[in-house]
Amino acid sequence: MSQQKRLIVAITGASGTIYGVRLLQLLRAMPDWETHLVMSSSGALTASQEIDMKRADIEALADVVHNVKDIGAAVSSGSFRTAGMVIAPCSMKTLASVAHGLADNLISRAADVILKERRRLVLMARETPFNLAHLRNMTAVTEMGGIVFPPVPAFYARPDSIEAMVDHTVGRVLDLFDIEHHDLVRRWEGLQRPTFGN
């Protein structure tokens with residue numbers, strides 16, 4: 001294995017492509033990390049609608065790009081060592097595929113490998129409200145060792161922009177992999193109680 005640590009980043013068609021893109025941007029600036037991107041066709045379509053980015057622009061942010069249909073790619077094998085995988089965002093279809101071990105494309109196959117190798121899998125599940133199938137699939141993935149991480153904003157940080165909300169959320173994802181970062185997350189230091197006069 002090279003000196004660089006590897007992280008698989010998958011982008012699916014759910015709303016929230018910005019999370020995967022921002023993750024790639026941040027990791028691009030970290031020389032110790034190598035990113036492997038797998039993006040579905042729906043993910044590319046959503047990116048063009050939400051953030052006006054073309055597939056090629058997103059792929060340029062990754063160190064290695066894998067075709068979602070390439071089941072024989074390096075990330076489809078447990079012998080290819082990685083720190084884990086983030087699906088950002090994770091559609092309910094992809095969640096279901098992971099929960100039931102379908103491995104029907106490279107995203108769900110790579111996730112299946114991460115689970116079987118007992119590595120860290122983070123699913124930024126994006127949907128609301130959840131139906132019972134969604135909740136049961138989240139429970140199944142959690143029982144298998146995955147982490148379901150809906151991108152819920154933390155308002156205690158008092159974000160003043162969408163970018164600040166995205167950065168805080170992505171920073172918390174990086175925390176799950178013990179990836180050092182600065183100025184993304186406002187750390188909780190306890191409740192700030194008002195001071196009253198005598």
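Predicted model: local features only at pLDDT ≥ 70, side-chain atom pairs only at ≥ 80, totals over all residues.
**View 1. Six strands form an open sheet with parallel pairing.** The order of the strands is E3-E2-E1-E4-E5-E6. Strand E3 (64-66) and strand E6 (147-148) are the edge strands, each of them pairing on one side only.

**View 2. Strands E4 and E5 pair in the parallel sense.** Strand E4 comprises residues 84-90 and strand E5 comprises residues 120-125; five bridges are found over their pairing. Valine 86 stands opposite valine 122, a residue of E5.

**View 3. Serine 15 is placed in the loop between E1 and H1.** The relative accessible area of serine 15 is 33%, and the residue is therefore classed as partly exposed, a class that lies between the limits of 20% and 50%. Leaving aside residues up to four places away in sequence, serine 15 touches Thr46, Glu50, Pro89 and Arg126. Serine 15 and serine 42 are 27 residues apart along the chain, and their C-alpha atoms are separated by 10 Å.

**View 4. Helices H4 and H5 cross at roughly 45°.** The axes of helix H4 (residues 92-99) and helix H5 (residues 106-116) come within 9 Å. The two helices are therefore oblique to each other, and the crossing of H4 and H5 is right-handed. On the H4 side, the contact is made by Thr94, Ser97 and Val98, while H5 contributes Ile107, Ser108, Ala111 and Leu115. Sorted by class, the residues in the contact of H4 with H5 are four nonpolar and three polar, with no charged residues.

**View 5. Glycine 101 is placed in the loop between H4 and H5.** Glycine 101 has a relative accessibility of 39% and so counts as partly exposed. Leucine 115 is 14 residues from glycine 101 in sequence, and the C-alpha to C-alpha separation of the two in space is 9.8 Å. Leu115 is also one of the H5 residues that make the contact with H4.

Definitions and conventions. Residues numbered from 1 in each chain as written. Heavy atoms only, no water. Axes fitted to C-alpha atoms, helices over the stretch in contact; angles between N-to-C directions. Helix = DSSP H or I, 4+ residues; strand = E, 2+ residues; numbered from the N terminus. Parallel < 35°, antiparallel > 145°, perpendicular 65-115°, else oblique. Left-handed = near helix turned anticlockwise from the far one by under 90°. Contact = heavy atoms within 4.5 Å. Nonpolar A, V, L, I, M, F, W, Y, C, P; charged D, E, K, R; others polar. Buried < 20%, exposed > 50% of the residue type's maximum accessible area, 1.4 Å probe, protein only. Pairing = 2+ DSSP bridges.
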